[in-house]
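Let's take a friendly walk through this structure, one topic at a time. Have a look at the picture before reading on.

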Amino acid sequence: MISDLFSATVLVGILASGIRLATPYLYAALGETFSQRSGVLNLGVEGQMLLGAFAAFYVAFTTGNLWLGMLAALIVGAMMGLAMAFVTVNLHAEQGISGIGFYLFGLGMSDLLFQKVLGTVETVKGFPKVNIPYLSDLPVLGKILFQHNILVYIAFALVPISWFVINKTTLGLKIRSVGENPEAADSLGVSVARVRYFTVILGGAMSGIAGASQSIALLNVFQQNMTSGLGFIAVALVYFGAWRPAGVMGGALIFSMVNSLQLWIQVLGIPIPSDIAVMMPYILTILVLMSSASGVRSPSALTRPFEREE
Amino acid sequence: MKKWLKDEWVSQFVDTSLPIVAALGAFALGAVMLLFFNVNPFEAYGALIRGAFGSWNSVAETLVKATPLLLVGIGICISFRGDVINIGGEGQMIVGAILGTFVGLNLTQLPGWLGIVLAFLGGFVGGAIWGGIPGALKAYFNVNEILSTVMMNAIAVQLMNFLLRGPMIDPAQAELASKIPQTARLQDAFHLPRWVPTRLHLGSLIAVVLAILVYILLWRTVLGYRIRAVGQSPHAARYAGIKVKQSVVLALLLSGAFAGLAGVTKVYGVNYRMITDGSASGFTGSAGFNGIVAALFGQLHPIGTIPASILFGGLLVGANKMQRVMQIPSALITALNGLVVVFVVSSEVLRQRRQRHRLAEKMKEVSQNEGGVPDDDSREVGG
């Protein structure tokens, strides 16, 4: 019953699976942070994730090699990113709407391939748990933080790495300048198109990996529409986190912890309507967007195509 | 001058046919995919077309599927013309249907026609609330409407699941172990009249009438003029004394209201109850997204959206036939719809560039005529 929720083992379980469930959000949202920082809103994340999830699962299922699956997801995601970059950078298409197009494409295509190529729901043996020596033996913390599969560790490691790349490198400076003032960046000799191609392809690749983290590490199956809106949340998390990797991580953890809580409520058979609990993070996101929209500034050139004056 | 007129006509024609070319491009790519699966694309598309328009019954089914697309689509025309991107059709359909169904299940004493009218009103209000909230958030809190409408979709799904599994569940299902999330069946008097033996219902006609009304609203009223002016240039509109914030809220609110009506037609015209599989598309059939496709294909014009909805409704119906006959999953159509959106949006910029170019040419011509006899060089440029 409800008191079960507050036993130590259950609390540890909730926190541990919350950390694990944050993985797909992190990959997708960090990738999206790069695109948005350069001024491109990629709303096709969900579609890229679905295709990535399928590619990873299919390759891992047929070859038995999980890392080949990861590579496949990365390539498929990057190709979707390439298409998105071409459409938004060269053709100046409205970013929000073309993103919906890519979402529908990924949704339909992954379903089509699933039905034609796999046919039924299969399972793979996903990435195993890697216990970090010594740390995983810590009481409480060990089980929460240091007994996860490799993709979880990489996802969290990417948070400081992304921060470093964006804020402390020349590449990051270029990305930020293209996102803030493309005209000025262009006049200083930065190729706006090239930077945006790079970030959107990177974002696509990371969305693909986000999908793979679901299909060959978290759930170890592929099903139609298995991401069920997660990619859209990832886009919102970038706003939620005010375009900073640490903020994005905070948002991802809120969503994943609530998901985890809701799963445990179902497992324990507690008669609380979980629908209401699942609703909370979305409402919270809207509230955060309301309060932050006035204070935090988005990249000035976000969603604005750049046309070079000849 | 005559030649210029002719050129003008030709380029207008090119502009209007761009979406069609874009769609053909998408289907050509689809044909390549079919070849990849060892399926003859002509046979597959043949089955698709026969499935959609091959018999009176299939035409009726096409129109049934087209109805929610059209209603969502005319809402999309309003919002996109008003510089607001409404991705929240799914949620607005759901909340509209919830309110509409609530009316029909509770006001059982009413005569049939009045019950239906009130149900539509409920759907309109439900959708308007679900669209109006992101509208107000955008206007007064500067919250990006793409994100807020996506969030509102997710909230609507949970609300639907909560109500259809809890307070609004069909009493018969509540006793069974399966507990399918659905409401009780509406009483017969509240069913929209059907063209028996098909499933074509009055909602389709209502949708067409509303499309015409939305056209009048957008191009023949001050309100519509304001919405479009804000869509063209918010800054210029503000200088012209238009209250931009109100216009943004109104555009999203109306957009949501029509999506809400789309939800009501599904309940009162097709299923006679609200039912889902726990996902948004389980109730909407993704009409909230496909309506965007139809509206874009109809060049964001309510009248153009009518044939566009019939086309995309036909694709949905034909896809089922294709699946049965050729073993090609109907998901192919979802993928192709996505490509159509990408292609149409990409060609839109081409169209605008051509328009700007034409305008520049025209200006040049005007200035030449004013400047007296043009010399040979400029005539070459102008021609």
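## The nonpolar core

A nonpolar core is a set of buried Ala, Val, Leu, Ile, Met, Phe, Trp, Tyr and Cys residues joined through C-beta atoms within 7 Å. Keep in mind that what you see is a predicted model. The largest nonpolar core has 219 residues, and A:Tyr25, A:Ala56 and B:Val340 touch the most other members. Helix α11 of chain B, residues 244-271, gives the most to this core, with 15 residues.

Which residues does A:Ala56 touch, leaving out those up to four places away in sequence? Among them are A:Gly69, A:Met70, A:Gly211 and A:Ile216.

## Chain B as a whole

Chain B contains 16 helices and zero strands. Its C-alpha trace spans about 90 × 55 × 35 Å along the principal axes. A compact globule of 383 residues would have a radius of gyration near 21 Å, so the 23 Å of chain B agrees with that.

Buried residues make up 51% of the 383 residues in chain B. One helix to look for is α4 of chain B, residues 89-106, which reaches 26 Å from its first C-alpha to its last. Of the 18 residues in α4(B), 15 are buried.

## Where the chains meet

How many residues of chain A are in contact with chain B? There are 40, and they meet 35 residues of chain B. Helices α4 (95-118), α10 (230-240) and α12 (274-295) of chain A each supply at least two residues of this side, and α4(A) gives the most, with 16 residues. By class, the side of chain A that touches chain B has 27 nonpolar, nine polar and four charged residues.

Notes: Residues numbered from 1 in each chain as written. Chains lettered and ligands numbered in written order. Predicted model: local features only at pLDDT ≥ 70, side-chain atom pairs only at ≥ 80, totals over all residues. Contact = placed C-beta atoms within 7 Å. Helix = DSSP H or I, 4+ residues; strand = E, 2+ residues; numbered from the N terminus. Nonpolar A, V, L, I, M, F, W, Y, C, P; charged D, E, K, R; others polar. Expected span 1.5 Å × (residues − 1). Buried ≥ 20, exposed ≤ 12 C-beta atoms within 10 Å, placed from the backbone. Rg over C-alpha atoms; globule rule 2.2 N^0.38 Å.
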